[in-house]
Amino acid sequence: RKVESELRNALNGGTGIKLVYQPIFAADGKTILGAEALIRWAHEVHGALPPAQFIAIAEERGMIGQLGKWVLHEACRFAIGTRLPWVAVNVSPLQLRDFGFAEQVASILTETGLAPERLQIEITESVLLESSNATRMALAALRQSGVGIVLDDFGTGYSSLSYLRRHAIDKLKIDRSFVRLLDDGDGSSSAIVRALIDLAVALKVEVTAEGVETEEQKVQLVGMGCHQLQGYLLSPPLETTQLLTLPGLSS
Ligand code: G
Ligand code: G
Ligand code: MN
Ligand code: NA
């Protein structure tokens with residue numbers, strides 16, 4: 001397929017492909033704690049392509065390893081030159097299945113000079129479910145080295161409490177489909193969000209609400225004890241130059 005070879009070229013030459021960064025804020029809605037790296041690909045002909053689409057292609061065609069490595073390297077290289085406390089990178093379940101993933105991350109950290117504590121890896125619940133030996137060892141090794149392990153899209157998958165107990169996780173990100181429920185004014189909807197936050201607190205892990213779009217959502221989330229906020233209300237994903245003009249990040 002054509003897209004496949006074009007993606008390969010983009011990764012090799014670094015043309016048309018880039019990362020944008022969405023800041024993640026403390027509960028005050030002002031202090032920037034870190035940022036999530038999000039890949040963007042501007043196709044010569046078709047324009048901006050949806051990441052979910054070309055990431056799926058990369059996964060199907062055996063290119064996710066190369067793409068994922070590029071993302072990790074690019075995000076770490078960027079973060080080292082900034083005052084960002086940490087950068088979070090989305091990782092495909094297929095990347096984690098590769099023996100050698102933890103070593104790859106370690107060598108990227110060494111190469112770029114970024115402290116492991118300044119990198120967070122966002123995984124999805126399917127990774128915990130699958131729980132192969134390679135995956136479990138990679139997560140344990142990464143965490144041992146100081147890299148943060150974040151459970152993305154929390155609540156949408158099959159995660160059971162036993163998975164959470166078995167795997168060492170540093171942070172839960174409440175999926176935006178739950179955050180959206182806070183506008184319903186329906187008590188049972190907000191009870192779900194409250195339960196997810198209480199769960200994180202009980203497990204002594206950090207909790208981020210993603211997809212925060214309204215002041216009402218923010219007020220409710222903070223009232224429920226949510227530690228971190230991410231979403232269009234606070235900031236959309238930004239180009240690097242824009243990100244670095246934000247308070248606390250500009251030099
Ligand atoms: O940025 P946006 O909402 O368009 O991203 C759509 C989806 O693509 C999200 O699920 C997000 O996690 C995923 N995504 C964005 N950037 C990356 C990346 O660098 N690697 C992987 N594996 N997924 C990404
Ligand atoms: O699956 P993941 O959580 O990694 O997806 C992150 C995606 O969510 C990014 O593509 C980003 O563009 C998108 N996003 C970020 N903030 C908001 C928001 O407030 N509302 C919506 N609908 N999407 C958001
Ligand atoms: Mn994410
Ligand atoms: Na998510």
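The sections below describe a predicted model.

## Nonpolar core

The largest nonpolar core contains 63 residues. Ala75, Val87, Val89, Ile121 and Ile174 have the most contacts inside this core. Helix 3, residues 64–80, gives the most to the core, with eight residues.

Ala75 touches Leu19, Ala37, Val87 and Val89, with residues up to four places away in sequence left out of the list. Two of these partners, Val87 and Val89, are themselves among the residues with the most contacts inside the core. As general background, nonpolar side chains in soluble globular proteins tend to be buried together.

## Ligand 1

The shell around ligand 1 consists of Leu38, Ile39, Pro51, Ala52, Ile55, Val71, Asn90, Val91 and Ser92. Two elements give two or more residues to this shell: strand 2 (32–43) and helix 2 (51–60). Helix 2 gives the most, with three residues.

By class, seven residues of the shell around ligand 1 are nonpolar, two are polar and none is charged.

## Ligand 2

There are 13 residues around ligand 2, and those that come nearest are Leu38, Gly211, Glu213, Gly231 and Tyr232. Leu38 is also listed in the shell around ligand 1. The class make-up of the shell around ligand 2 is four nonpolar, four polar and five charged residues.

## Packing of helices 5 and 7

Two packed helices are described by the angle between their axes and the distance between the axes. For helix 5 (residues 101–112) and helix 7 (residues 133–145), the angle is about 25° and the axes are 8 Å apart. Because angles under 35 degrees count as roughly parallel, helix 5 is roughly parallel to helix 7.

Helix 5 makes the contact through Phe101, Ala102, Val105 and Ala106, and helix 7 through Ala138, Ala141, Leu142 and Ser145. By class, this contact of helix 5 with helix 7 has seven nonpolar residues, one polar residue and no charged residues.

## Positive phi angles

Most residues other than glycine have a negative phi. Asp153 is not a glycine, yet has a positive phi of about 55°. Asp153 lies in strand 6, residues 148–154. Asp153 counts as buried because it has 20 C-beta neighbours inside 10 Å, and 20 or more is the cut-off for that class.

Lys204, also not a glycine, has a positive phi of about 60°. Lys204 is found in the loop between helix 10 (187–202) and strand 8 (206–209). With 7 other C-beta atoms within 10 Å, Lys204 is exposed.

Terms used. Residues numbered from 1 in each chain as written. Chains lettered and ligands numbered in written order. Predicted model: local features only at pLDDT ≥ 70, side-chain atom pairs only at ≥ 80, totals over all residues. Core = buried A, V, L, I, M, F, W, Y, C linked by C-beta atoms within 7 Å. Buried ≥ 20, exposed ≤ 12 C-beta atoms within 10 Å, placed from the backbone. Helix = DSSP H or I, 4+ residues; strand = E, 2+ residues; numbered from the N terminus. Contact = placed C-beta atoms within 7 Å. Near = placed C-beta within 6 Å. Nonpolar A, V, L, I, M, F, W, Y, C, P; charged D, E, K, R; others polar. Axes fitted to C-alpha atoms, helices over the stretch in contact; angles between N-to-C directions. Parallel < 35°, antiparallel > 145°, perpendicular 65-115°, else oblique.
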